[in-house]
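Let's take a walk through this protein together. Have the sequence and the 3D view open as you read.

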Amino acid sequence: MRMTQFGIGSTVSRGNVRLRGGAFGVLLVLLSIVSTPAATHTWSGAVNGLFSNAGNWSAGGVPTLAETNTLSFPGSATRFTVTNDIGALKVHAIALTGSNYIVRGASTITVVPNLININCQGSSNTIESPLNFSGYISIVAGTGDSLILAGAVTGANGFGKTSDGDLIMRSTANSFSGEVDVFAGRMIVEHSSGLGGVADGTIVSSGATLELRGAGMNSSEPLTLTGLGDDGLGALQTTTGNHTLSGPITLTAETGIGVNVAANSLTLSGVVSGAGGIRKFGDGNLLLTGAANNTFTGASFVNKGTLT
């Protein structure tokens, strides 16, 4: 192991070092122990949709259980619905540069920390396979692109979401622990367990948005929010359903909260604190119903809808 000294602002967590770039929303994941990744396995889908068929890989051959793999799924492939029939693979990186991929398979894929672990530079890509985060993971969704994590996410570590695209947490069975950092773009959560365990919380940086979507979420996840979001209409937004957040919410600066549909509501029943205030957007209802007094000190403004 090589010991490295890091400057002010570094945080060490579970064997990883995270350096945050403040207002720039920069995320670097540096490893204290770095293993050498195997060659990149590049998908072609020339024969069928199965990982185990060597004819489906244009470079690197079939991924193996013995290595920590790098998987590349380009736009030039013949087939875009792919199935891991090999087993419980380990990966340093999954690169989705094509669109409309569906990555399937019942076996859990373990994601090992890397500078960029899951890099989506295409639209409407879905990973249905269950994922295990063995360390703090970096997920990129490029501008105009979208990545859906539909399989259960497990592990004792969180992740950071960067770049301006959409990350959609679709699984109803996420149980991972560790902090979630939304550094840029939009993260959409469709189920109460979408953010995993609630012990470590979720932080939404200025210029990023956490969106609640679905029939109705009820979560005690602690949230730290700042700014007006990726579209200027809220760092926290709802687009469908009536949702309740019972965990503590910290406003580090003026924070936009949008309830975008008139018939919908967002209830904050935990304590809202911090130096920021609330700027309410959207036609729906925002309700502050906590039994304890809120202690945030910034001003509140209602651009649309109601705040009660």
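Start with N56, which touches T42, W43, S44, G45, A46, V47, N48, G49 and L50, leaving out residues up to four places away in sequence; contact here means heavy atoms within 4.5 Å. You'll find N56 in the loop between β4 (40-43) and β5 (57-59). Strands are DSSP runs of E with at least two residues, and helices are runs of H or I with at least four, numbered from the N terminus. Is N56 buried or exposed? N56 is buried, with a relative accessible area of 0%. The cut-offs are under 20% relative accessible area for buried and over 50% for exposed, with partly exposed in between (1.4 Å probe, protein chains only).

Before going on, a word on what you're looking at. This is a predicted model, where local features need pLDDT of at least 70 and side-chain atom pairs count only at pLDDT 80 or more, while totals for chains, interfaces and linings use all residues. Residues are numbered from 1 along each chain as its sequence is written, and side-chain values use heavy atoms, with hydrogens and water left out.

The predictor's confidence in each residue is its pLDDT, on a scale from 0 to 100. The protein's mean is 90, and 88% of its residues reach 70 or more. Over residues 1-34, though, pLDDT stays under 50, and the model has 58 contacts beyond four places in sequence for that stretch. Where pLDDT is low, the predicted coordinates should not be read in detail.

Now hop to S58, in strand β5. S58 counts as exposed, at 53% relative accessibility. Beyond its neighbours within four places in sequence, S58 is in contact with T42, W43 and S44. Its C-alpha atom is 9.3 Å from that of A77, 19 residues apart along the chain.

What about the nonpolar core? That's a set of buried Ala, Val, Leu, Ile, Met, Phe, Trp, Tyr and Cys residues joined through side-chain atoms within 4.5 Å. The largest one has 54 residues, of which F73, F159 and M187 touch the most other members. Strand β27 gives the most to this core, with four residues. As for F73, its contacts beyond four places in sequence include W43, F51 and W57.

Finally, follow β27 (residues 249-259) to its parallel partner β30 (residues 278-281), joined by four bridges; strands pair if DSSP finds at least two bridges between them. G258 has F281 in β30 as its bridge partner. From β30, two bridges lead on to β32 (residues 301-302), also parallel, where F301 stands opposite R279.
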